[in-house]
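Biologist: Could you take me through the aromatic contacts in this one? I'd like to hear about the rings and their surroundings.
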Amino acid sequence: MSTIHPVLTRRRLLAGLAAGAAGFLAPRAVAGELFAQADLRGGHDADLAGLLPDAIDDQSRLFQRAIDLAAAEGRVLRLPPGTYVMSNIDLPDGARIAGVPGATRLIYGGRGHGLMAEGARRIELSGLVLDGANQRLGSHVSGLLHLRGVAEAILEDVTVAGADGHGVTLEACGGRVNACEIFGARLAGIYAVESSKLSITRNVVRDCANGGILVHRWSAGEDATLIDGNRVMRIAARAGGTGQNGNGINIFRAGNVMVTNNHVSDCAFSAIRANSASNIQIVSNQAIRSGETAIYAEFSFEGAVIASNLVDGGTVGISVANFNEGGRLAVVQGNLIRNLTTNGPYPAEYAGFGIGMAIEADAAVSGNVIEGAPRWGVLMGWGPFLRAVNFSGNTIRQCGAGIAVSVVEGAGAALISGNLFDTVPGGAIRGCRWNEVVTGDMAKTGAGKFTHLTLERNVAA
């Protein structure tokens with residue numbers, strides 16, 4: 001034990017020097033904690049590799065040697081509390097690094113990349129704070145933590161802050177990201193592309209400049225990522241656009257993805273946006289104060305279940321659109337949509353803003369409650385793009401008008417049955433040619449010459 005005392009003395013000296021550098025201090029480890037670290041079963045103590053918490057110097061070389069040695073021996077590299085400055089760390093297969101949650105801080109020193117792994121079978125990180133210090137990343141990575149081709153990437157209780165790009169990039173990875181906090185990224189908090197059986201659960205992703213959780217593929221295909229129980233908030237769209245940025249949870253070309261039980265608030269565009277994502281399930285989420293459409297299934301998808309979500313705020317509550325691009329086949333059930341606005345993040349196009357729900361093709365829509373849509377409760381079809389919509393058993397109240405249903409030549413069948421309309425001064429069911437209202441209230445007069453429509457048992461209070 002006596003050989004440890006000189007190391008402790010040197011630490012105290014370096015910690016005293018580091019105290020003058022703002023932002024570099026972290027909680028100290030006492031001698032008893034260091035002994036405990038060394039005794040942990042399966043562990044490789046950072047002190048044995050020469051790493052020193054709170055040292056001013058960059059410790060990249062020592063850190064790389066320590067993690068290489070620990071991985072080669074099949075051990076966990078356990079880091080005590082403190083700050084470690086490092087860059088260009090390549091994680092070998094089997095790398096496992098554990099710190100003290102909130103107290104073990106790895107500061108990116110610039111000049112390339114932070115932590116990176118490629119082609120590994122398994123990488124595990126837990127209890128760490130990765131701080132990018134807003135320093136530029138090299139062009140060969142897109143995330144402060146960038147894992148590529150890792151079969152099982154395990155991130156538990158990791159905090160990622162101040163990334164110049166994405167906080168975490170997972171490229172062709174499986175595994176799980178659980179109970180992490182990611183904030184202050186210049187791009188998105190989590191960017192997962194070409195995933196295989198990935199789980200993203202119980203994380204906090206906040207205050208990112210262009211996206212929250214992104215699950216993408218380079219070409220449409222099965223992905224099967226689970227996104228459950230996350231809290232996503234305050235996502236901006238600093239790179240601009242009309243929806244490619246500023247989304248809390250964004251699914252692009254990824255099939256068989258489940259988005260469940262998430263709380264998403266204050267996003268510049270959508271809380272949950274699924275683009276060309278077939279067999280998507282968006283169930284039991286909260287979408288609060290969205291800047292544009294709150295929940296979106298758009299473009300060339302086949303199959304969407306959007307159920308039991310609560311939408312409070314946005315310009316459109318739920319949109320299942322783009323039959324012109326092949327977007328079709330949906331169940332929209334048991335959602336609550338309220339407090340929408342006509343004020344969007346860009347000049348209104350097409351049907352405009354202030355709409356509770358938009359629906360187009362091959363869909364069953366039932367048991368939804370829409371309140372406070374200033375323009376339309378429901379936009380059903382757009383020009384000839386309407387087919388096989390069953391809209392039954394819904395409640396629409398305190399909206400500018402109830403349903404705008406397309407009566408353009410070529411529009412397909414729609415059943416509007418057993419719905420309740422309350423306080424819809426513009427009428428309960430109106431026929432439209434795109435944005436032009438061309439009928440009276442068909443809830444009172446019937447569908448008349450529009451044989452593609454079946455209206456029955458609707459009640460206008």
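Predicted model: local features only at pLDDT ≥ 70, side-chain atom pairs only at ≥ 80, totals over all residues.

Biologist: Fine. How many aromatic pairs are there?
Modeller: The count comes to four aromatic pairs. One of them joins Phe-323 and Phe-385, whose ring centres are 6.4 Å apart with the planes at 85°, so this pair is edge-to-face.

Biologist: Where do Phe-323 and Phe-385 lie?
Modeller: Phe-323 is in the loop between strand S31 (316–320) and strand S32 (328–333), while Phe-385 is in the loop between strand S37 (376–380) and strand S38 (387–392), so the pair ties together parts that are 62 residues apart in sequence.

Biologist: And is Phe-323 buried or exposed?
Modeller: Phe-323 has a relative accessible area of 17%, and because the cut-off for buried is under 20%, it counts as buried. Phe-385, at 31% relative accessibility, is partly exposed.

Biologist: What about Tyr-346 and Phe-353, how are they arranged?
Modeller: Tyr-346 and Phe-353 form an edge-to-face pair, with 5.5 Å from centre to centre and 70° between the planes. Tyr-346 is buried at a relative accessible area of 19%, and Phe-353 is buried as well, at 8%.

Biologist: Which residues form one aromatic cluster?
Modeller: That cluster is made up of Phe-269, Tyr-346 and Phe-353.

Biologist: Switching to charges, which ring does the charged end of Arg-206 sit over?
Modeller: The charged end of Arg-206 sits over the ring of Phe-183, at 4.1 Å from the ring centre.

Note on methods: Residues numbered from 1 in each chain as written. Heavy atoms only, no water. Phe/Tyr/Trp six-rings, centres within 6.5 Å; stacked < 30°, edge-to-face > 60°. Helix = DSSP H or I, 4+ residues; strand = E, 2+ residues; numbered from the N terminus. Buried < 20%, exposed > 50% of the residue type's maximum accessible area, 1.4 Å probe, protein only. Lys NZ or Arg CZ within 6 Å of the ring centre and 35° of its normal.
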